[in-house]
Amino acid sequence: VTAEKAGFDHFMLKEIYEQPKAYRDTMLGRIAEDGKSVNLQELKMTEDYVKTIRKVHIVACGTAYHAGMVGKTVIESLARIPVETDVASEYRYRSPIITPDTLVIVVSQSGETADTLAALREAKRNGARVLAITNVVGSSVAREADDVLVTLAGPEIAVASTKAYTSQLIVFYLFGLHLAGILGTKDEATVAGIIAAMNELPEQVESILENAPVLKQVAESISHHKSLFFIGRGVDYAVAQEGSLKLKEISYIHSEAYAAGELKHGTLALIEDGIPVIALVTQEELYEKTLSNIKEVKARGAHVLGLANAGSEVEVGKSVDELFAIPKTLPLLTPALSVVPLQLISYYASLALGHDVDKPRNLAKSVTVE
Ligand code: G6P
């Protein structure tokens, strides 16, 4: 068993450290040699079909759903196609408006989640084309979808998903660029810039991993608390949700993720002296707004850890109690970096509390019943 964990204490930690490789493997062969376009040869959908897509539905459960939330921003911003996201357990019960010009994207690490599979079937029944993003080539979801984009994360054993999530993000970036290439929604220089920045992500993740000891300390202080909050705007909000879920899953500490601007509409009432707040501040055009939300929680006694971009330490640093900087990348790509410190915080919090990190109570790796 130790050998399987390659010297790591837990599968989760091993899988967190495998992320640079998972990013590289997921990108390998899918980027043109000149770095100017993506090349998703495995897709069967034609260019003519892509031009008929009027809307996209992204449907998934749990962590895969959180990847889909980022995917929505990626597709809307790169391809300018409207995207809705749904958790799979809700999708088919709300009589979603699925038309033949709807592309339904299901995201599933295992490819076996019952609700996600049922959503896929519902989509097909209504004449939509289905693209599956999955980590398991021969899975049910992969077999039944019209198109498949595989995440090359390798087997994920820990119940708490890490490298599967980040590989799903990479696939969304690739697919968004693919759509943009066909629809002409981004010029060549912009596409090349995004690809160049994607190529830097693996090393940037490595540099975050080198700072794990700092995050271990943060986690240990968090582990004494009963409750905490994650806040952010835009893609930072999507990552906040994933950070909160990860912490709940394995540390059993209650937390909530909030769109930073929404706090004052209720949740601010829960902020009391000493409560930890993890604030994601990576979207430059939203700095000012999020910093003013941080002031609101600090005024009520919150202890704020800021997750910000390298280079913004001074600007963000003066508003928070502690700051962890992630390497500088493009705003759309920050989730592929900012989630990594949150994964490590969850891991070390669970460890500090003596929980079974890889097999949290009440949870299963794959939920194949409804
Ligand atoms: C379970 C797992 C989660 C996972 C979710 C969806 O609840 O514990 O980690 O995100 O299922 O799984 P899938 O295999 O469809 O991505």
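## Two loop residues and a helix pair

Arg 80 sits in the loop that joins helix H4 (62-79) to strand E2 (83-87). Helices (H or I, at least four residues) and strands (E, at least two) are DSSP runs, numbered from the N terminus. The model is predicted: local features need pLDDT of at least 70, side-chain atom pairs count only at pLDDT 80 or more, and totals for chains, interfaces and linings use all residues. Residue numbers start from 1 along each chain as its sequence is written.

Most residues other than glycine have a negative phi. Arg 80, not a glycine, has a positive phi, and Tyr 252 also has a positive value. Tyr 252 lies in the loop between helix H11 (235-251) and strand E7 (254-259).

| Residue | Phi | Other C-beta atoms within 10 Å | Class |
|---|---|---|---|
| Arg 80 | about 55 degrees | 12 | exposed |
| Tyr 252 | near 65 degrees | 14 | partly exposed |

For these classes, C-beta atoms are placed from the backbone; 20 or more others within 10 Å make a residue buried, 12 or fewer exposed, and counts in between partly exposed.

Helix H8 (residues 163-183) packs with helix H9 (residues 188-209) at an angle of about 165 degrees, their axes 11 Å apart. Axes are lines fitted to C-alpha atoms, for helices over the stretch in contact, and angles run from 0 to 180 degrees between N-to-C directions. H8 and H9 are therefore roughly antiparallel (angles over 145 degrees). Tyr 173, Leu 177, Ala 180 and Gly 181 in H8 meet Val 191, Ile 194 and Met 198 in H9, contact meaning C-beta atoms, placed from the backbone, within 7 Å.

Methods:
Parallel < 35°, antiparallel > 145°, perpendicular 65-115°, else oblique. Contact = placed C-beta atoms within 7 Å.
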